[in-house]
Amino acid sequence: MSMRKIYFITLLLLLTSSLAMGQCNLFANAVPGIFLDYQSTNLLNCSGVGFNPIMGRYYAVRAGNASFPMETWSSTGTQLFTTNAGFDWRGMWWNPNTSQLEGNGYATEGLWRCNLDGSGMAVNSGSYIFTGQAQPDIQSVGDYDPVANEIIYYYSGSIYRYSRATNALIGTYPLLGIPVPLSYINNNTVVFTNCVGKEIGILDYFNKRIYIFQKNTGTYVGMSQLPAATVVSSSFRFSYANGLAWLFNLSAGNWYSFRILDMILPDNALNANTIWFSTSTAQIDWESTDAGRYDHFEVERSVDGLSFMPVGDRAASDFESDNGDTRKWTLQDATTPNSPVIYYRVNAVLKSGEIVPSEVMLLSRTDGEELALGAWPVPADAQVHVAFEQAPKGSHIEVIDAAGKLIIHQDVTDNLASEGSLQLETQTWAEGIYLLRIRDLTGTQLTQRLVIQH
């Protein structure tokens with residue numbers, strides 16, 4: 001591939017499962033998302049969902065036996081692979097610090113590292129990280145706090161914290177202000193959201209609500225109401241991955257998701273862009289007129305625009321140029337994944353410790369004319385605005401709902417509001433998550449998720 005600049009559209013995206021934690025809003029009413037339909041039928045107490053942001057893969061497993069099913073899906077919910085679990089799982093999570101699919105097991109089974117094949121499919125082999133019962137109950141379903149490098153568990157109104165590094169109990173704290181009797185709470189499952197001040201989630205299966213707590217104090221901060229038709233459980237069947245809360249429906253044989261939190265984007269984002277430096281290396285450039293506030297920068301990458309992983313960092317003092325009030329930095333990523341589209345963002349860490357992210361940048365491997373794609377607002381109500389670069393004549397747009405139904409399929413040029421943009425009327429659409437796709441005559445495509453909330 002020759003060295004050339006790649007067009008990009010900045011996107012406003014939802015909260016992701018990146019290592020850096022973000023400020024979030026809590027939705028009073030949960031917004032329905034995608035489904036993960038099992039091929040297997042021997043399901044019962046499915047207990048965990050994990051998401052691999054590097055390969056764009058969802059994983060889920062049934063608790064109770066190493067021979068029970070474990071399956072892999074694409075980032076849009078397409079079923080890809082099924083096998084047996086290979087471990088008696090309870091909790092499941094993706095560890096961004098180790099880039100591994102991990103989980104805790106039954107009783108003294110301990111912590112497990114699951115092997116993935118070259119396509120990112122979860123296979124029925126792995127290795128123990130630790131053995132022994134480092135959890136409050138034999139049936140505890142844990143989740144992972146990547147910032148503190150801790151595994152957390154819920155038991156009888158309290159949170160138990162265990163070190164991922166040593167497997168030792170760090171401490172416990174009560175959840176303060178739980179608004180219902182403990183008998184209403186899913187008794188063995190907790191989720192970690194990665195949202196500052198809204199990190200801990202538990203499920204009220206009686207009222208069909210998810211309660212959110214601050215991890216530093218254990219204080220109750222609010223709730224998100226699930227729809228009345230939601231299938232809930234008093235144990236297991238609750239998880240959190242890729243910024244989505246997941247509930248398992250045994251009769252339907254699937255996990256179904258809800259958006260309960262949304263990122264608050266700052267007003268003072270950095271100015272950043274990205275280009276191809278060579279065939280396999282991307283170059284990320286950013287600048288600021290307020291460089292004195294920053295301590296360092298963390299560059300992150302995603303293959304789906306939703307879940308990000310760190311690829312490098314730069315000290316604020318290590319700049320390439322200083323032009324008056326404007327300083328510029330650059331970083332090259334020589335480990336780009338084999339994906340047609342890659343997303344980048346730069347997190348500026350202030351001297352105060354606050355994290356200020358740049359807008360998200362899209363980098364396309366498409367040869368010839370570019371199809372860089374963006375859509376806003378997030379979430380949308382009556383209208384969605386779509387922008388792209390140089391979509392060739394004959395390109396068409398598709399919108400697919402959470403059930404996989406194609407609801408729009410038409411030529412891009414039939415909908416152009418102006419050159420490089422179009423508008424979709426969404427006031428009659430049901431609330432939930434949709435997949436937007438633009439495809440050219442060669443079959444090259446870009447996708448973006450839409451969230452509709454009226």
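Predicted model: local features only at pLDDT ≥ 70, side-chain atom pairs only at ≥ 80, totals over all residues.
Residues are numbered from 1 along each chain as its sequence is written, and side-chain values use heavy atoms, with hydrogens and water left out.

The secondary structure of the protein consists of zero helices and 38 strands; helices (H or I, at least four residues) and strands (E, at least two) are DSSP runs, numbered from the N terminus. Of the 454 residues, 55% count as buried, where buried means under 20% relative accessible area, exposed over 50% and partly exposed in between (1.4 Å probe, protein chains only). The accessible surface amounts to about 17,500 Å², and 49% of this area belongs to carbon and sulfur atoms; the areas come from the Shrake-Rupley method with a 1.4 Å probe, and for residues only the protein chains shown count as cover. Among contacts between residues at least 6 apart in sequence, 57% join residues at least 24 apart, a contact being defined by heavy atoms within 4.5 Å.

An open sheet is formed by four strands in the order 22-23-27-26, with antiparallel pairing; two strands are taken to pair if DSSP finds at least two bridges between them. Strand 22 (271–276) and strand 26 (321–323) each have a single partner strand and stand at the edges, so one side of each lacks a neighbour in the sheet. From one strand to the next, the twist averages 20 degrees, with axes fitted as lines to C-alpha atoms (for helices, over the stretch in contact) and angles running from 0 to 180 degrees between N-to-C directions. The antiparallel pairing of strand 26 with strand 27 (residues 326–333) extends over three bridges. Within strand 27, Arg 327 is the residue opposite Asp 322.

The largest nonpolar core comprises 20 residues, and those with the most contacts inside it are Ile 284, Trp 286, Phe 297, Val 299, Tyr 344 and Val 346. Such a core is a set of buried Ala, Val, Leu, Ile, Met, Phe, Trp, Tyr and Cys residues joined through side-chain atoms within 4.5 Å. Two or more residues are given to this core by each of strand 22, strand 23 (282–288), strand 24 (294–302), strand 27, strand 28 and strand 30 (361–364). Strand 28 supplies the largest share, five residues. A second, separate core of 19 residues includes Phe 51, Phe 248, Ile 433 and Val 451. Strand 28 (residues 341–350) also contains Asn 347, which is buried at a relative accessible area of 2%. The side chains of Asn 347 and Glu 300 are joined by a polar contact of 2.8 Å; a polar contact is a pair of N or O atoms within 3.5 Å, of which, within protein, one must be able to donate a hydrogen and the other to accept it, and residues adjacent in sequence count only if both atoms are side-chain atoms.

Most residues other than glycine have a negative phi. Asn 167, however, has a positive phi of about 75 degrees. This residue lies in the loop between strand 12 (158–163) and strand 13 (169–174), in a hairpin with five residues between the strands. Strand 12 and strand 13 are paired in the antiparallel sense over five bridges, and Arg 161 has Gly 171 of strand 13 as its bridge partner. Asn 167 is buried, with 15% relative accessible area. A positive phi, near 55 degrees, is also found at Ser 99, in the loop between strand 6 (89–95) and strand 7 (100–105). Ser 99 is partly exposed, at 32% relative accessibility.

Two further residues illustrate contacts across the sequence. Asn 52, in strand 2 (residues 46–52), is buried with a relative accessible area of 1%. Residues up to four places away in sequence aside, Asn 52 touches Arg 57, Tyr 59, Trp 94 and Leu 116. Asn 52 and Ala 241, 189 residues apart in sequence, have a C-alpha to C-alpha distance of 9.2 Å. Ala 382 occupies the loop between strand 31 (373–376) and strand 32 (383–388) and counts as partly exposed at 32% relative accessibility. Beyond its neighbours within four places in sequence, Ala 382 contacts Leu 424, Glu 425, Thr 426 and Gln 427. The C-alpha atoms of Ala 382 and Trp 429 are 8.6 Å apart in space, with the two residues 47 apart in sequence.
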